[in-house]
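Hi,

Here is the structure I promised to pass on. Have a look at it first, and then read my notes below.

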Amino acid sequence: MVANASTTAIASARPEMTAALMDETGLDDDVLRELVHRFYDRVRADPVLAPIFAARITDWAPHLGRMVAFLSSVTLMTGRYHGRPVPKHAPLRLGSAHFDRWLALFRTAARYVCTPAGAEHVIARAERIARSLHMACTDACMAPGDIPVLRSAAAE
């Protein structure tokens, strides 16, 4: 299912930028909400990721609402999200396989829900977020004084 561009206004800290991004990508609150819900339905059924989330989230409604606000902030520059995701994720001991699986599920959901331009836009941001969170989780698991081993882009 591919969404159509919406003419609905979204409350935004940067309304002109948000409107331009909405026009360019076909993203709006309804599309982002559907994407978040579809994605987390898949996460909750995934044998790798479901146990991690189930151990921490019992009331999904607030989490899904925060994730819609987060995605709105990072994709449409609305400024709606005011949380701090790194401290929540850093202690979870997540590895590359977790982030690879998370991204695979997200890419599939984005391509199903969004226009091609919208999918490309949200996927690019999700990939940057995954890289940042992966680095934070890796750093949090290091012993004091350890020096991180950084992979070069050519090695990936």
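Two rings of Phe, Tyr or Trp (for Trp, the six-membered ring) count as a pair here if their centres lie within 6.5 Å. With that in mind, F39, Y40, F53, W60, W102 and F106 come out as one aromatic cluster. Do remember that this is a predicted model.

Across the whole structure, the search turns up 7 aromatic pairs. One of them is F39 with Y40, an edge-to-face pair with 4.8 Å from centre to centre and 70 degrees between the planes. F39 and Y40 are both buried.

F39 also pairs with W102, again edge-to-face, this time at 5.4 Å centre to centre and with 85 degrees between the planes. What does this pair tie together? F39 sits in helix α2 (residues 29-45) and W102 in helix α6 (residues 96-113), so the pair links parts that are 63 residues apart in sequence.

F39 has a relative accessible area of 2%, so F39 is buried. W102 counts as buried too, because its relative accessibility is 18%.

One more residue for you to look at is H121. You'll find H121 in helix α7 (residues 116-140). Its relative accessible area is 9%, so H121 is buried as well. Which residues is H121 in contact with, leaving aside its neighbours within four places in sequence? Those are L21, T25, L27 and T75.

Cheers

Notes:
Residues are numbered from 1 along each chain as its sequence is written. This is a predicted model: local features need pLDDT of at least 70, side-chain atom pairs count only at pLDDT 80 or more; totals for chains, interfaces and linings use all residues. Side-chain values use heavy atoms; hydrogens and water are left out. Helices (H or I, at least four residues) and strands (E, at least two) are DSSP runs, numbered from the N terminus. Buried means under 20% relative accessible area, exposed over 50%, partly exposed in between (1.4 Å probe, protein chains only). Contact means heavy atoms within 4.5 Å. Rings of Phe, Tyr and Trp (its six-membered ring) pair if their centres lie within 6.5 Å; planes under 30 degrees apart count as stacked, over 60 as edge-to-face and the rest as tilted.
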